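Biologist: Hey, can we go through this one together? I'd like to start with a detail and then zoom out.

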Amino acid sequence: MKGIRISGGRVVDPANGVDAHLDVYVAEGRIAALGAPPPGFRAEQEIDATGLVVCPGLVDLRAHCREPGQEHKATLASETRAAAAGGITTLCMPPDTDPVVDSAAVAALIRRRAERAGYARVVPLGALTRGLDGCRLSEMHALKSAGCAGVSNDFHPLESPLVLRRAMEYAATFDLTVFLMPQDPHLANEGCAHEGAVSTRLGLPGIPAAAETVAVATALALVEEIGVHVHFCLLSTARAAQMIARARHDGLPVTAAVSAHHLHLTELDVLDFDSRCHVLPPLRTQRDRNGLRHWLARGALDAVCSDHQPHEADAKLAPFSATAPGLSGLETLLPLTLRLVEDGVLDLPAAIARLTCNPARILGLAAGTLGPGQPADLCIFDPDAYWTLKAEGLYSQGKNTPFLDWELKGQVRYTLLEGRVVHALPAAAPESAAAETGQRQDAHEPA
Amino acid sequence: MIKENIQLDAQGRLRHFLTIEGLKRELLVELLDTAESFAGVAEQAVKKVPLLRGKTIVNLFFEPSTRTRTTFELAAKRLSADVLNINVTASATRKGETLLDTLRNLEAMHCDMFVVRHPDSGAAHFIARHAAPGVSIINAGDGRHAHPTQAMLDMFTIRRHKGAFHKLTVTIVGDILHSRVARSQIHALSTLGVKEIRVVAPRTLIPACPEALGVHVYHELRAGLRDADVIIMLRLQKERMRGAALPSEHEYYQLFGLTEEALEAAAPDAIVMHPGPINRGVEIDSSIADGPRSVILQQVSHGIAVRMAIMSRAMQPSPPGQPATAVSEGMEEGA
């Protein structure tokens, strides 16, 4: 048996309760063994992971890749390459492409193109309604057969709670997870910032916290009757997170995620009309950010996702409300989550669980663990390396991130997808230019 | 509260005029004093001073406006600048030209100052951040955010009638939520140190966290007007009746319209202001708008002097007869 030996690293595999210094053996694209080599193993390649953390490849529950339809923003090839650089081996893509993922053909096309690029596994979500029109149900069974991990209408409003109820019932028939973006469109009222002190000062149309809590309450009431598994894609308010915690306590089959940026930024970052901080749901108060951290630590929020939304530069060059919402987040997902370890919110295994086995479970995938026989998706990172995020260092086509020039701790050194090294950062002295400016040496985009 | 104050240069002198927020009291007082020196210009036989001779000023309006645009135009002409009026209707944007494209095209014509009105909050900041060095931006109203020249002309009017600010109680009545005028007035009044700022409106027209603005909120007109020295009535946009913010003009007038009876609660020498245009019989009774307490028309004529002051200070930091150092001294710590 020939393969890769990853030696000397701290192996963190929360799904199996592993946190120890072990060697990892990879053969035929799968985890062959942890600790002692399997019988007859011959290392063709050796990865020295001394001082590094070896964990399952990250699973990102929400990453827009823009293809098909918006290739001027990004492509599956560019964004899966960025995912690999961020240690992400599986990413779940919302259905709001053009055409919308409301047929098996579009789902298959996305999977095929991602496979051809070869950097990360892409799992599409199917549309909940045809063309995301909010009233006609999609062919959910066909979408499931085509590999969709669930169905979602993303931010596109549903015509009525009745449509939501019917969609939940139909999805439940096929054991499909409904991915909901909890925002009541009427209460959001075309707002672009959290309704509060900052929106009042800046005169920006506000989105009240109730836009989220009302949507969560409606969905929870229906879940209670129907029993369908609902995943809340992004929460932004402490109150909604608390409602999920209570529903979980009552035994409802619901899960929830939060974006990495909602765990670090607040409405105050919007001051100065910084369009890079124009995201949906909006950045909310310090109290909300602390509440989200609390419920993430307590487990009511299962996962941290990137909510990756790459944009061309022009999309952010306009007055705040006229800019496209969203930030480019694949390459900051890991360091921003590790920052929570630094801040004492989570310990390292708990942080990694929220990036690996927990999101994999929500997607119903055999990923995010290092059990023998599992696909060898691995993220190997240096937990102590400091680096500064620079636009020219980003692999993503979208350079729209408010974290530019932040000094981040924790840098991906190797990413393996099914036993292949899809990203490797050459070891560099800490003082060298490579460590200072990010990893990318081969391309220099104009600033 | 704005993180970097792009309105001021490294010496703390005015470079752009985007919002009152973040400007120091000394600077506002300087502007009012400068405006006072320009107020006489209109009475001269030759209504011009040569301060901005050879400069080109563009009035770039993305929203219709008569009064604000014409007073800016007159102010620029009295400063001897060349003025270009550009009304960008939806047509240019419909052709796909972005705000930045419009700006770049105009910059290629070597203009020195843009006076900008735009329906989006933050538009003036956006333009200031992307304008070529040396080009000044004056905000003539951006979305719900700010209308700082209007606020300054209101301060000028208040000072002319009331003198010192610190003893004054000022009541602003109407649609605070959607009003850029109210936001700028509130910042100006608190920077100038008035005793109390009150706002009066139903809950639907009050923004979230009004305490962030430093105002006292009233929902009853007479209570809000009690002993007020200055009453500012805001224009009620008729669209609000469609958006479920208000039931009817009739009920609004009954509760929040300024009538002779309501005015009795205010101080006997209270002045009544309105940024215009007035909805007679919706927010204010005609007899008050045209009555002795009203200073509404003075506001309009003061607009020219105040805008002359702001334009001349933003374009050349030292006012007539004063060395530049006198201005910068008080400002340096605020830079």
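Biologist: Which side chain does R159(B) meet in a salt bridge?

Modeller: R159(B) pairs with E36(B), at 3.9 Å from N to O. A salt bridge here is a side-chain nitrogen of Lys or Arg within 4 Å of a carboxyl oxygen of Asp or Glu. Before we go on: this is a predicted model, where local features need pLDDT of at least 70 and side-chain atom pairs count only at pLDDT 80 or more, while totals for chains, interfaces and linings use all residues. Residues are numbered from 1 along each chain as its sequence is written, chains are lettered from A and ligands numbered from 1 in the order in which they are written, and side-chain values use heavy atoms, leaving out hydrogens and water.

Biologist: Okay, what domains does chain B have?

Modeller: Domain 1 covers 25-146 + 300-319, and domain 2 covers 148-297. Those bounds come from an automatic or database domain assignment.

Biologist: And how many residues does each domain put into the contact?

Modeller: Domain 1 of chain B gives 29 residues and domain 2 of chain B gives 26, with contact meaning heavy atoms within 4.5 Å.

Biologist: How much area do the two domains bury between them?

Modeller: About 2400 Å², with 59% of it on carbon and sulfur atoms. Buried area is the accessible area (1.4 Å probe) that two parts lose on being put together, summed over both. On the domain 1 side, L32(B), R144(B) and H302(B) supply 29% of the area buried against domain 2 of chain B, more than any other three residues.

Biologist: How many salt bridges cross the interface of those domains?

Modeller: The rule finds 4 between domain 1 and domain 2 of chain B.

Biologist: Switching topic: what about chain A against chain B, how many residues touch?

Modeller: 20 residues of chain A are in contact with 25 residues of chain B. The two chains bury about 2000 Å², and carbon and sulfur atoms give 60% of that.

Biologist: Which residues of chain A lose the most area to chain B?

Modeller: T200(A), R201(A) and D272(A), together 36% of what the chain A side buries.

Biologist: Which residue forms a salt bridge with R201(A)?

Modeller: That's E21(B), with the closest N and O atoms 2.6 Å apart. The count between chain A and chain B is 2 salt bridges.
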